[in-house]
Amino acid sequence: MRLRLHHRTEYRYSEPVSNNANELRLQPPTTLWQSCESSFISVLPGTRLSHYEDLNVNVVHYFEISKPHNRLVIDSRATVNTKSKVNFDRLPYGFLHRDLDCCRSMEDCHPFLQNSHHIEVTPEIWRYALDIKGDSEDVFQTSYAIMEHIFENYQYQSGATNVSTHASEVLDGKAGVCQDFAHAMVALCRSLCIPARYVSGYFFDATRGHHLRGSEASHAWVEVYIDTFGWIGLDPTNNKVVDDTYIILARGRDYRDVAPVIGAYYGAGKSAMNVSVDVQRLDG
Amino acid sequence: MFSGYQKEAFFDEMFVDGDGVHFDHYRTLHERFKDLDAAELEEKRRLVETGFLEQGITFTVYGDDQGTERIFPFDLIPRIIPYHEWQQIEKGLTQRILALNLFLHDIYHDRNIIKDGIVPEDVVEGAAHYRPEMMGVDVPQDIYIHICGTDLIRDGDGHYLVLEDNGRCPSGVSYLLENREAMKRAFPSMYRQYGVRPVDNYPELLLKTLQSLCPRPGQTPVCALLTPGVYNSAYFEHTFLARKMGIEIVEGSDLIAIDGYVYMRTTKGLVQVDVIYRRLDDDFLDPTVFREDSVLGVPGIMDAYLRGNVALANAVGTGVADDKVIYAYVPEMIRYYLDQNPILENVPTFLAWREDDRKFILDNLEKLVVKAANESGGYGMLMGPVSTSKEREHFAAKIRSNPRNFIAQPVVSLSRHPTICDEKEIEGRHIDLRPFILYGKNIEIIPGGLTRVALRKGSLVVNSSQGGGSKDTWVLYR
Amino acid sequence: MLSRVANSLYWLSRYLERAENLARLVDVNRHDALDAGVTLKEDSESLWRPLLYATCSEEIYNEAKSAKLEDLDVGWFITFSPSNPDSICQSVAQARENARMARDQISEEMWLELNSIHLFLQSAKAERLWRRQPESLYREIIKFCLLFEGLIDATILRDEGWNFIQAGKYLERADKTTRVLDMLAFMGDPDRGKLASALRSCSGFSAFRDEFRGDFTSRNVMSFLLFSQSFPRSVRFCLRQLDRHLHAISGTPEDAYSNEAERLTGSALAQLNFSSVENVWAIGQHQYIDSMQKQFNDIGQNIFETYVLLPSEIRSVTRQEGWQLQWQQQQQQQ
């Protein structure tokens, strides 16, 4: 699928701010399942933009606006070709819980079994996860059940949480938005020693917002590791196995690793943020 | 028909080498034209030309007392661009228009690029079309160039290079659309066989771009196209576009600015206008701010614009980006604002205001093309290799007296394309490409563009005012 | 609709109506000249004089003639002369210029036909044809004008622009019919042949025969061309149409008026509706027609002032709003 995306983030400050330094994780990577045809990030007021690659191999752009300003606009435009990784007739069943031990020593998986800023595995979470797992022996089956459980039992509700809400709060409150659902799912998976990572990105909503949730802003979902298959995406917000309607932006242990825009400024004023995401299909 | 074709030492769009081996994407075309006899060709040519003349698809040549209207000569052999090649162009143009817009916003606001020492301040302020009136003005959606025509050429190795940006009132898109109609009529089956990306949604995209600028959100925007009038060389294009978009085509006298708002004079009274697609240079826009003697403009329109009550496309002050000295800095802008390498390179450019460059230019006049920084349409140019020593002296004096206004470039041997000459022979003629970029809510680039062809043998000047013609440009689906 | 565009459409149609009437007039007159046994080349000024009179181009002709210091063919002068602003070629060129201004308001077909007749008339071919077979050229022009009328009928929206086109057509046509009448008056006591010619120059020969059973008297012809209820070129018919279209433009009911052009048209129409040939005779043919033509000029001027000039006279929003308010109130009361 050839998808064009435009992600605009606009901040307005009640009083002029200065030394506004920001990091952006807004460039879709080229992976086995998606190729980023083009990606342009532009910042207003115009200033010098630079970039580096972080530990999770995400490209990070950064800039600093030193002069006082009332408004900051960050535009990310990209064209991405996506492929579906999953054959829905042959989902990756067959990797069993008892074989999960091998993942501990894998460099790729190790960080995604540990606690991170938003996620801490507790005995309560482990017991909760065991209840969902039931008598499943299969890692994919269990992961799928966790996704389904969250989709069915959690309330999609913006305003119930904020960007810094911890996974355990979500598991208690059973409400939130895609970021929270993904954190909850990552926590539950990790408690069962399933390597799980947090993915930020977008998806193309062919139903135009009627059935799927989270297409009006940047989205988040989860990838779990299945031996012999690799990382597979599961979206607890929409109860979907990730296919070619999804564009991956960045991956990390949790939101903190992948936050699309993160920054700090000098100034007493309040800031108001306005985000819009538009994903269009270019072919057929 | 290709039997006597001479590729010579140029990059040829169709032929790989001098032995008549052609690029794969030209195979079907080659087959079709190979055995075309003179009579059939003549018939097709007449079909197309009478069509153009009857529809009044003409342009006016300046400096001709009669106001003569001519058909823009059209060549029947289309230029074909494979999709992968086009993707690169599309990407490069997107990058460029983003950088140019960031640049324009920057120089009319904080001037970070000047402070960081990338572009010198006096180069910016010395640009003929720099508008100090725009300093600190926030334009709708922060976009300056909504409609851009960037001229591309291919060098001897077939690399696409940017020759110039036209960020004021680029014209030619109507020819592009009409050329396509003509080709579809003349070669319907070859057209179908090829699978060509359509261009006919341009007016619709243009209208969307204009509507996205409306300063009255929630309203159905009232858009109008402001033309200098019937005698403008591109008047046909103005009516063509206005008609296809279903908006009014207005002249300066049809508009009136009252207390910071702009209205159209209609038979039912005054109607407020939200967005003006103006095909009028800044100079003529408002006699109370710019040229006093302008009778084409609307007194008070700038006041309404600065108050944000009417949107203009393109914005005022974009001419800075058309300056050929500024052009030389575009690759640096791309690095600075977008943190990327330019996808489309510039033609190497020497700037006469730099002392080293100037010395080099003056020493090598007979090898270089010298251009005035603010002229377009192929005027104010010295073609070194074909110049007389008198012309060179004349230019040398001009360069010395006003170095800021001159640049020089090596002669790029533009790529050639088989073209029907003298109504029967096919010979190679030099071409360029002007794609049209729309920047509104999205950035849209119509697949292809206007391929202009220098019809005079050996000529490198493709401008319609100087013996140029055009071809249809086919971007393929694959 | 843009005032300027309305104006262009109005003039586009006036100029073509003018060209058509001229072509017919010249053709008929030329025919008479042949009957009288003079050829085009000969000095036939006495025969052509009424024609120059009818087209109000005597002065320009005399000027052009004295400037040229030789014989100036009247037929050529009326058909081609660039120095005659009302020549057929010039009228068509003006129509095309106006069409260009309003190109986005007319159909592709209209532009195509108009442009090709213009290119033809400007070419040497047209003059060659005229020298060889003048009637073919005139027929060509008349045919084109009829075709154009058909295109107006068949290809454009019945909107405001169309009403301006129709208004222009009928005003011009009324004016041209009165000029033919004036030509008759100029000739004093025209014979049957002259009366027939006058009818032919208005395409009214057979229509007249049907209505008056071929009773060729000055009185009947005058009555027919001025007062006929159903003949589409009679002055009354034209004014009735003009009145209708002007009301369609403003939206005012037909028995009222909202601007000076409507008032003048209604008054001229009423005058026609309530007068007879006897009145004309009593006032004097020429005087009567002259006053008609003056009224037409006033109507034309007021259409211009109402729809084209008026907004430019406004200097501030408040006045504009005042004007709109007044206008709306007038409509509400009716």
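This is a predicted model: local features need pLDDT of at least 70, side-chain atom pairs count only at pLDDT 80 or more; totals for chains, interfaces and linings use all residues.
Strands are DSSP runs of at least two residues, numbered from the N terminus.

Nine cavities of 30 Å³ or more are present in the structure. The greatest contribution to the lining of the second largest cavity comes from E10(A), which supplies three residues. Classified by side chain, the lining of this cavity consists of eight nonpolar, four polar and five charged residues.

The arrangement of the chains was examined next. Two pairs of chains are in contact, and the pair formed by chains B and C shares the most contacts. Chains A and C, by contrast, do not touch, and a distance of 32 Å separates their nearest C-alpha atoms.

Between chains B and A, 29 residues of chain B are in contact with 26 residues of chain A. The size of an interface is often expressed as the accessible area that is lost when the parts come together. For chains B and A, the area buried between them is about 2,300 Å², and carbon and sulfur atoms account for 43% of it.

Polar and charged interactions also occur across this interface. Between chain B and chain A, 12 residue pairs are in polar contact, with both residues at pLDDT 80 or more. Four salt bridges are counted between the two chains. A salt bridge joins the side chains of B:Glu90 and A:Arg2, with an N to O distance of 3.8 Å; this separation falls within the 4 Å limit applied to such pairs.

On the side of chain B that touches chain A, at least two residues are supplied by each of helix H3 (83–107), helix H4 (112–115), helix H13 (330–338) and strand E21 (443–445). Among the elements of chain B, H3(B) gives the most to this surface, with 10 residues. By class, the side of chain B that touches chain A is made up of 11 charged, 10 nonpolar and eight polar residues.

Technical notes:
Residues are numbered from 1 along each chain as its sequence is written. Chains are lettered from A and ligands numbered from 1 in the order in which they are written. Side-chain values use heavy atoms; hydrogens and water are left out. Contact means heavy atoms within 4.5 Å. Buried area is the accessible area (1.4 Å probe) that two parts lose on being put together, summed over both. A polar contact is a pair of N or O atoms within 3.5 Å; within protein, one must be able to donate a hydrogen and the other to accept it, and residues adjacent in sequence count only if both atoms are side-chain atoms. Helices (H or I, at least four residues) and strands (E, at least two) are DSSP runs, numbered from the N terminus. Ala, Val, Leu, Ile, Met, Phe, Trp, Tyr, Cys and Pro count as nonpolar, Asp, Glu, Lys and Arg as charged, and the others, Gly among them, as polar. On a 1 Å grid over the protein atoms alone, a cavity is a set of points where a 1.4 Å probe fits but cannot get out, and a pocket is an open set with protein on both sides within 12 Å along at least five of seven lines; lining residues have an atom within 4 Å of a point. Grid points are joined across faces, edges and corners, and a volume is the space filled by probe spheres set on the points.
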